[in-house]
There are 2 protein chains.
Amino acid sequence: MATEAAADDATDAPEAYEDLLDRVRRWNTVGSAAGVLGWDQQVMMPEGGTPARSKELSTLSSIRHDMITDDETGDLLDALDDADLTDEQAAVVREVRRDYERGDAVPVELVEEISETSSEALQAWEEARAEDEFEAFAPYLEKHVELKREYAEQIDPDRDPYEVLFEDYEPCLSIDRAEAILDELRETLVPMIDAIRESDADLAVDTFEGTFPEDEQEALSREALELVGYDFDRGRLDVSSHPFTSGNQFDCRITTRFDESDPLGAVGSTIHEYGHAQYNLGLPREAWATPLGESRDLSVHESQSRLWENHVGRSRAFWELFLPTFQERFPQTEDATVEDAYEAVNQVYEDNLIRVEADELTYHLHIIVRFEIERDLIRGDLAVEDVPEAWNDKYEEYLGIRPDTDSEGCLQDIHWSHGNFGYFPTYSLGSVMAAQLYEAAEEEIDGLDAKVADGDFEDLQAWLGENVHRHGSRYETNELVRQATGDDFSAEAFTDYVEEKYGELYGI
Amino acid sequence: MATEAAADDATDAPEAYEDLLDRVRRWNTVGSAAGVLGWDQQVMMPEGGTPARSKELSTLSSIRHDMITDDETGDLLDALDDADLTDEQAAVVREVRRDYERGDAVPVELVEEISETSSEALQAWEEARAEDEFEAFAPYLEKHVELKREYAEQIDPDRDPYEVLFEDYEPCLSIDRAEAILDELRETLVPMIDAIRESDADLAVDTFEGTFPEDEQEALSREALELVGYDFDRGRLDVSSHPFTSGNQFDCRITTRFDESDPLGAVGSTIHEYGHAQYNLGLPREAWATPLGESRDLSVHESQSRLWENHVGRSRAFWELFLPTFQERFPQTEDATVEDAYEAVNQVYEDNLIRVEADELTYHLHIIVRFEIERDLIRGDLAVEDVPEAWNDKYEEYLGIRPDTDSEGCLQDIHWSHGNFGYFPTYSLGSVMAAQLYEAAEEEIDGLDAKVADGDFEDLQAWLGENVHRHGSRYETNELVRQATGDDFSAEAFTDYVEEKYGELYGI
């Protein structure tokens, strides 16, 4: 499918390309170092370390920014404007040019003001959520909306500012395609959840109730990772309050968290992060610290985590494989059947208000509510003071439930306090992409389901490596999906998947 | 004793000084970030991470080097040549000027050649040690000697090259003073160890024989750290193959190691690293990333670790405090008395050939042998091929024992494979300084011994903080010792200490 790497031998490259690549490697190496510091901060650092760590991170960030926006970068890009480049070289130049132009367009003072506002807004958000008082957070949200509109204007005054912000997270996916996918999701899921609410299906939801000690859950998480093939010589499993993945093709580490009443949560979260890690670990090593050795953007990354979490980890086949291990760790569940486990991990929480506790279906409506509201805020179609009511109305309309408090409503997530507008949709887009990729993998791999049940993930790993991981940032998002699946990126595979799966589970 | 910090208000500083300080903070912050990566590499990183980590570290090192040797640094230093500076400002300029001049004098190519030679030499040393064949390492040692002589010549062609190399580790201590101290050590210790060998004292050396599980030793190490007052909110205890300390005044971490047959080794090693950590944690916070917030050089650092390891951790008073905790962890030692413990931790291994397994006395002769040989190598007074015989002869002369093999002889330590000549003496100098500082602390703190037995370390911590830690690199080494103790740095306190202590223990 891909053109041949051998034809892209770097020795044929123009000198300016080699010089540019040297610069890029240097700033990406600084970014990679900062990544290690970030991991350490969340997983290992004692609390007293914050003052030095903040300075270390801001200094590395500023050094990296200076390297990207240096005139020399611009000069080399200019020199490559009409150069005769291979496809791979052109892809590298495309990626670098975008970073350069964006870095160059936004004044450092504005970046710093956003960063300072984030620190204040984070504290205000924490207090507002604790006090359940949106008004205490509103001025900071207002400030962030203003600053981010200005930020978008600096980059391109002629385009929809939400589109510009969205491109910070998804530079290679059109906002129109993203919106079309989210619209289709909403249209499919709202009536489906309504039908599930009305359904009298009786799922085995209490199979995994009880107390599951943390150290046993940790051992189980390691066993799950061994089963799916995590390479502990190139990674680690640790604990942090918010699970995350950090690293590169040589060393990619994951974290998870434990709730003694929810062992399935830890399993799901661990497999989710594993999917992220496999992507990074599958990037080409020789291209490390260049765009060809870096992952595509957030939705593609999330597609890898969701594919493992949902399409593997929530399948009957996986529980055929994993239930005996689970039961050995937790003998209290020895009577559970594979079907019990399957129903428990796939139950729909139709009365849940909290995104991070949501299931595979309602999850997307949580996302869509915030997406629609932040888009309207940035476009100037909604005032900050009207956010709580808009939020609650949408929950009622899409999910059939209405939050009683802002803490359970629009204050539940941290992202706006960082000024991150345009980030949220990537969660849903990633899940949708996971379904499309998994459908293609199922078509190409004989008996994939049986292989999962046998713990034989080799073909699936190879398929993902071949079609996604090894390309790094070579292709733009839709092109990557098209090359892997033969179709443009759309919601079709996802809606087919949930209709079949939940139709059967809930008899709808 | 020190001049007042308030008088040194930075607002009075010339503009060039402020600009210089900004630059210094930036490059030291990069150095601090690299320190975190180094810690991670030794403690947390999976083995596969090496290729990316090596690049991250070399890139940060090169960025830092470029900042230090930038013309702008030189211009600012020139501008401050005759400026009216406070004592503190002058100290900062002195420290920065030395780094600038040294960085500027040595060609980058030479630094890289030394670094490459180190990688090759490390591998050759490992093989030579395993095969017990000095000849396999000799060409690399030869190369290192040549390169380091060239390095010294680049810095100052008119001075003794060993002196120049020594200053990489001890820039603020004269080689003459260092040599005089080492000579006095040798003259005191050689006859003392001879007398101990002849002595018929019968120390209780088998009190702590047996098996001591690692997890219990780790718990005991934490208890020891709690007793001496390590602040776990600003540090961590982990395990690594070579114990070390890493960090700053906000976050300073230590590692230790365990040998199931040697619980005293872990206790000693943990307390040793704790001493290093206390120094860093006691540096002034507001001066972080500047010379006033960075520790003085290796011998002063080692004085802090040795003070805690030897003068506290090997005292009768400490074992009065700690033995009950030890016995609770390891009930098999319940019959041991404080005197038994004291004798066990202070026994002299007069037939031991290995530095890292040496006791408080013989240790220094291991150091002195390598010091004398490396000094002669660098000065051109000894040929590489003659090293094994010179080594063995000196062991026979100083320690009364002769290695049968080079693995137990001149190949035992890693340092020469890194090209580190001039580093070794700092180990001994630090121990000597520890004795001088502890003697002064004992004079100034009423009943220090009783306080140690009571677990009351407050006055000792305060004394060290006041006289050593808070000064950062403000004073040169001898001046720091003089301010703290009233005397020039010498071996006198150390020889008094060992003569009294070991005279009593061995009846000599």
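Which side chains meet in a salt bridge at 2.7 Å, N to O? The pair is A:Asp40 and B:Arg253, where a salt bridge stands for a side-chain nitrogen of Lys or Arg within 4 Å of a carboxyl oxygen of Asp or Glu. The model is predicted, so local features need pLDDT of at least 70 and side-chain atom pairs count only at pLDDT 80 or more, while totals for chains, interfaces and linings use all residues. Residues are numbered from 1 along each chain as its sequence is written, chains are lettered from A and ligands numbered from 1 in the order in which they are written, and side-chain values use heavy atoms, with hydrogens and water left out.

The interface comes next. Across the interface of chain A and chain B, four salt bridges are found. Twelve residue pairs are also in polar contact there, both residues at pLDDT 80 or more; a polar contact is a pair of N or O atoms within 3.5 Å, and within protein one must be able to donate a hydrogen and the other to accept it, with residues adjacent in sequence counting only if both atoms are side-chain atoms. On the side of chain A that touches chain B, the elements giving two or more residues are α1 (15–43) and α2 (50–69) of chain A. Of the elements, α2(A) gives the most, with eleven residues. Helices (H or I, at least four residues) and strands (E, at least two) are DSSP runs, numbered from the N terminus. The contact, meaning heavy atoms within 4.5 Å, takes 36 residues from chain A and 36 residues from chain B. Between them the chains bury about 2800 Å², 65% of it on carbon and sulfur atoms; buried area is the accessible area (1.4 Å probe) that two parts lose on being put together, summed over both.

Attention now turns to the sheets. In chain B, three strands make an open sheet in the order β1-β3-β2, with mixed pairing. Because β1 (237–239) and β2 (245–247) of chain B each have a single partner strand, they stand at the edges and one side of each is left without a neighbour in the sheet. Two strands pair if DSSP finds at least two bridges between them. β2(B) pairs with β3 (residues 252–256) of chain B in the antiparallel sense over three bridges, and B:Thr245 stands opposite B:Ile254 in β3(B).

Chain A holds an open sheet of three strands in the order β1-β3-β2, also mixed in its pairing. Here β2(A) and β3 (residues 252–256) of chain A are antiparallel over three bridges, with A:Ile254 in β3(A) as the bridge partner of A:Thr245.
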